[in-house]
Amino acid sequence: MKVIPIHHKVHIASQLECAELEERERRPLAKSKTPSRILWVILSVILFFVIVSISVVVIFSFTHRTTKPVLQIVRLTFQNHQGSQMNQSAFVDKSKNTVTYHVTSPSNHTTVVLFDSKNGYVCYKPADQNACYLRKMDDWDLENVQISFNLSEHRINQLLLQNNETKYYREFLGILPGRQANAGSLGEAIQTLCEQTSIYWVRKGDGPGKKRLIYLCIDICFPSNVCLSVCFYYLPD
């Protein structure tokens, strides 16, 4: 049996103690790495949500600006078929697909004609009358609405129609007695224009004939250099 000197035992013991101390020092370091990783994960998640939130706000703001209704006004000056000077303003709202004409007579009375291409209606509100007259749009109406949209895109806000180039027409609309329209089914634009007002259906016709009188006429001109004298008369019951 080999005998180990005492100083060797002491040296070995010292080495064991040093090894234990190093092990104890390393353990806290290993444990300290775990909270650091958790903290980095938390910070990464917070940063991700901050970036997403900022992106959503920016996109929403941009969309809100681009979809904001743009109302363009086109003013027309013309003479009606009787030679009287007329002033007319067309309010073009592309967000609602509407063109609203305000026609002011020499006596300073304003008639409103609304072209609602979204719902497919033309609505007339004569000056000083508690009534609106409604009909469905046709292809010619849609064409004139598109011309107004094109003018608004080019920021043209003033037109002077030349009498020697303007074409004048007369259109007859027969009022259907007892045929009131349901305002709730006609869209927001007509509801706003004819609020608390009776709305009557009308249809195009050849005129009142000899037995009936013309009720009223509205003169309106379009950027296509066409002017209409829209005349209303009552149809038989």
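**View 1. Disulfides across the whole structure.** A search of the whole structure finds 3 disulfides, a disulfide being a pair of cysteine sulfur atoms within 2.5 Å. With bonded cysteines counted along the chain, the pattern is 1-2, 3-6, 4-5. This is a predicted model: local features need pLDDT of at least 70, side-chain atom pairs count only at pLDDT 80 or more, and totals for chains, interfaces and linings use all residues. Residues are numbered from 1 along each chain as its sequence is written, and side-chain values use heavy atoms, with hydrogens and water left out.

**View 2. The disulfide of Cys132 and Cys194**. The sulfur atoms lie 2.1 Å apart. The link is left-handed, with -105° about the S-S bond. It joins distant parts of the chain, 62 residues apart: Cys132 in strand E6 (residues 131-136), and Cys194 in the loop between helix H3 (188-193) and strand E9 (198-205). Helices (H or I, at least four residues) and strands (E, at least two) are DSSP runs, numbered from the N terminus. Cys132 is buried at 0% relative accessibility. Buried means under 20% relative accessible area, exposed over 50%, partly exposed in between (1.4 Å probe, protein chains only).

View 3. Cys123 is buried, with a relative accessible area of 0%.

**View 4. The disulfide of Cys217 and Cys231**. Here the sulfur atoms are 2.1 Å apart. With 105° about the S-S bond, the link is right-handed. Cys217 is partly exposed at 40%, whereas Cys231 is buried at 0%.

**View 5. The disulfide of Cys221 and Cys227**. The sulfur atoms are 1.8 Å apart. Cys221 is buried at 1%, and Cys227 is buried at 4%.
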